[in-house]
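Student: I'm new to reading protein structures. Could we go through this one together, question by question?

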Amino acid sequence: MPSTPAPAPVTVIGLGPMGRAMAGAYLDRGHPVTVWNRTPSRADGLVGRGARLAATVEEALTASEVVVLSLTDHDAMYAVLERADPAALAGRVVVNLGSDTPERTREAAAWLAERGAVQLTGGVLTPPGGIGDPGSTTLYSGPREVFDAHRVTLEVLTAADHRGEDPGTAALLYQLNMTLFWTALTAYWQALALAGAHGLKAADILPLATGALDLSQFLDFYSPRVDAGDHTGDVDRLAMGAASVAHVLHTNADAGVDTTLPAALLEIFERGVAAGHGGDSSSSLVEVLSATSGR
Ligand SMILES: NC(=O)c1ccc[n+]([C@@H]2O[C@H](COP(=O)([O-])OP(=O)(O)OC[C@H]3O[C@@H](n4cnc5c(N)ncnc54)[C@H](OP(=O)(O)O)[C@@H]3O)[C@@H](O)[C@H]2O)c1
């Protein structure tokens, strides 16, 4: 009978809500866990459950082959890793789950490679409550053979989906996800502010908000059209959208609610109309937004 390998030692550096959930998931599954955090007191609960708090970053790095970085961004990563002798990074598999741009993520992979470490980039698509749940997903990119070799350890956190060798790919997919997430969630905060100005609680508009933010039928409809460059205004016209967004802006202004967000929307819609897309679908905004990218 082949024996099941013992759970691999894991180091978790960065103990915000996400890193704490990750270290906890490894402890739950019997992995020897070493942790380090700039603010050591955040490790208290984990130490009580059996984690070892490393006194230095160097000690944390050398405790395990697999080092999970759960830091705010790559500036934080350099700030932490530069505390250690670079030799401590040699031979490590650095599972870099901190958010940053694809370009900065490629730079981080090169920086780590210069020190003898391999980076697996991860984009975690769940809040901390989903860590340890195989129904949650993390997108990874980086060397396939390194991913395969450590897949069992990665899957303690979430399902692990390898999306390519380029270390920037997982960062790009993560930032695409966050582009959708933050803009949609801010739309919800705006609606709650408007609701509140009219004496409505979040609970009062919960079914309305849930329905409005389920955009799946629109995405299914527009996705093939956009890929085909088809912005026919047969079901919606940008000019109609611009009039509607103006009503949104004025309703928020009348209620004394901040109008930064609806004003920005109206500016984009009006720019599309001015560019001659008034009779096209609002999907033509993809062209308008692409044309101004990077300005
Ligand atoms: N929370 C979520 O729902 C969620 C979901 C998906 C992905 N993510 C991503 O996962 C990562 C971690 O998330 P989180 O919510 O745990 O983040 P967080 O609250 O920002 O905490 C991250 C950690 O970064 C450390 N840190 C920040 N700047 C530092 C610096 N200059 N030097 C040393 N340490 C520094 C903090 O240390 P201190 O404790 O000392 O401040 C903390 O341990 C982020 O990149 C986030 O975008 C988060």
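Student: Which residues does Thr121 touch, not counting residues up to four places away in sequence?
Tutor: This is a predicted model, where local features need pLDDT of at least 70, side-chain atom pairs count only at pLDDT 80 or more, and totals for chains, interfaces and linings use all residues. Residues are numbered from 1 along each chain as its sequence is written. Touching, or being in contact, says that two C-beta atoms, placed from the backbone, lie within 7 Å. With sequence neighbours up to four places away left out, the list for Thr121 is Asn96, Thr105, Tyr140, Ser141, Gly142, Pro167, Ala170 and Ala171.

Student: Is Thr121 buried or exposed?
Tutor: Let's count C-beta atoms, placed from the backbone: a residue is buried if 20 or more others lie within 10 Å of its own, exposed if 12 or fewer, and partly exposed in between. Thr121 has 30 other C-beta atoms within 10 Å, so the word for Thr121 is buried.

Student: In which strand is Thr121 found?
Tutor: Helices (H or I, at least four residues) and strands (E, at least two) are DSSP runs, numbered from the N terminus. On that numbering, Thr121 belongs to strand β6.

Student: How many residues of strand β6 are buried?
Tutor: Look at both faces of the strand. Val118, Leu120, Gly122 and Val124 point one way, Gln119, Thr121 and Gly123 point the other way, and all are buried. That makes β6 (residues 118-124) largely enclosed by the rest of the structure, because the buried count is 7 of the 7 residues.

Student: Which residue stands opposite Thr121 in the pairing of strands?
Tutor: Two strands pair if DSSP finds at least two bridges between them. Strand β5 (residues 93-96) and β6 run parallel and are joined by 4 bridges. Opposite Thr121 in β6 stands Asn96.

Student: What is the order of the strands in the sheet?
Tutor: The sheet is open, has 8 strands and shows mixed pairing. Its edge strands, each pairing on one side only, are β3 (52-53) and β8 (159-162). Inside it, 4 bridges link β1 (residues 10-13) and β4 (residues 66-69) in parallel, and Ile13 has Leu69 of β4 as its bridge partner. Reading across, you get β3-β2-β1-β4-β5-β6-β7-β8.

Student: How many residues does each domain bring to the contact?
Tutor: The centres of domain 1 and domain 2, taken over C-alpha atoms, are 36 Å apart. Where they meet, domain 1 brings 7 residues and domain 2 brings 5 residues.

Student: What residues does Val245 contact, leaving aside neighbours within four places in sequence?
Tutor: Val245 is in helix α10 (residues 238-254). It counts as buried because 20 C-beta neighbours lie inside 10 Å. Val245 and Leu266 are 21 residues apart in sequence, and their C-alpha atoms are 5.8 Å apart in space. Leaving aside those close in sequence, the contacts of Val245 are Pro262, Leu265, Leu266 and Phe269.

Student: Which residues come nearest to the ligand?
Tutor: Here, a residue is near a molecule if its C-beta atom, placed from the backbone, lies within 6 Å of it. Both α1 (17-28) and α4 (74-81) supply at least two residues of the shell. Of the 22 residues around the ligand, the nearest are Gly16, Met18, Arg38, Thr39 and Ala76.

Technical notes:
Domain bounds come from an automatic or database domain assignment.
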